[in-house]
Amino acid sequence: MKTLFASFAFFLFSALAIQAQDADAILGVWNNTEKDGRIEIYKEGNKYFGKIIWLKEPTDNGKPKTDENNPDESLQDKPILGLEILEGFTFEDGSWENGTIYDPKNGKTYSCVMTLKDKDILEVRGYIGVSLFGRTVEWTREK
């Protein structure tokens, strides 16, 4: 009986460890679809976030590009470099859900779900309302 219990405990612990490992597989630096920006995905507590850490063209007329399309006028002078664009994701059943993605190109925030297609390709789906009505892009892991 002790052996059976020990085996069960081992398998349960292993399954939880594998799930935690899978959840953190998203961590790292990703190139956006256009390859003109890089986003670092990081973890705080049990949630995942992402910020812009590199831009192909970080300046405009010699000045840092700012979040000029943000609907909140008080944030329009904030630099795009360092801007948090992914917020509040949780890992559930093989995907990162319940978060939002902000697009500084148009100043809009969308609901978002992310799924690893393989270890180096991340599918990012932004949508309004229902996931059926949205757009999916692929980000590639920076090597």
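**Notebook: strands and charges**

I began with Glu142, which is partly exposed at a relative accessible area of 30%. A reminder to myself: this is a predicted model.

Next I asked which residue forms a salt bridge with Glu142. I found Arg38, with the closest N and O atoms 3.1 Å apart. Arg38 lies in strand β2 and Glu142 in the segment after β10, so this pair ties together parts that are 104 residues apart in sequence. Arg38 is partly exposed too, at 22% relative accessibility.

I then followed the strands. β1 (residues 28-31) runs antiparallel to β2 (residues 37-44), joined by four bridges, and I saw Gly28 opposite Ile41. The two strands make a hairpin with five residues between them, and Lys35 in the turn has a positive phi of about 65°. β1 also pairs with β10 (residues 134-141), antiparallel over two bridges; there Trp30 has Arg141 as its bridge partner.

Back to charges: I noted eight salt bridges in the count. One of them joins Lys117 and Glu138 at 2.8 Å, N to O. That pair links strand β8 (residues 108-118) to strand β10, 21 residues apart.

I also looked up Lys119 and Asp120, whose closest N and O atoms are 3.3 Å apart in a salt bridge. Is Asp120 buried or exposed? Asp120 is buried, because its relative accessible area of 15% is under the 20% cut-off. Lys119 is exposed at 61%.

Last, I checked Phe133, in the loop between β9 and β10. With Val130 and Leu132, Phe133 forms a nonpolar surface patch of about 350 Å² accessible area together.

Key:
Residues numbered from 1 in each chain as written. Predicted model: local features only at pLDDT ≥ 70, side-chain atom pairs only at ≥ 80, totals over all residues. Heavy atoms only, no water. Pairing = 2+ DSSP bridges. Patch = residues over 30% accessible without salt bridge, like charges linked within 9 Å, V, L, I, M, F, W, Y side chains within 5 Å. Areas by Shrake-Rupley, 256 points an atom, 1.4 Å probe, with all protein chains shown as cover. Salt bridge = Lys/Arg side-chain N within 4 Å of Asp/Glu carboxyl O. Buried < 20%, exposed > 50% of the residue type's maximum accessible area, 1.4 Å probe, protein only.
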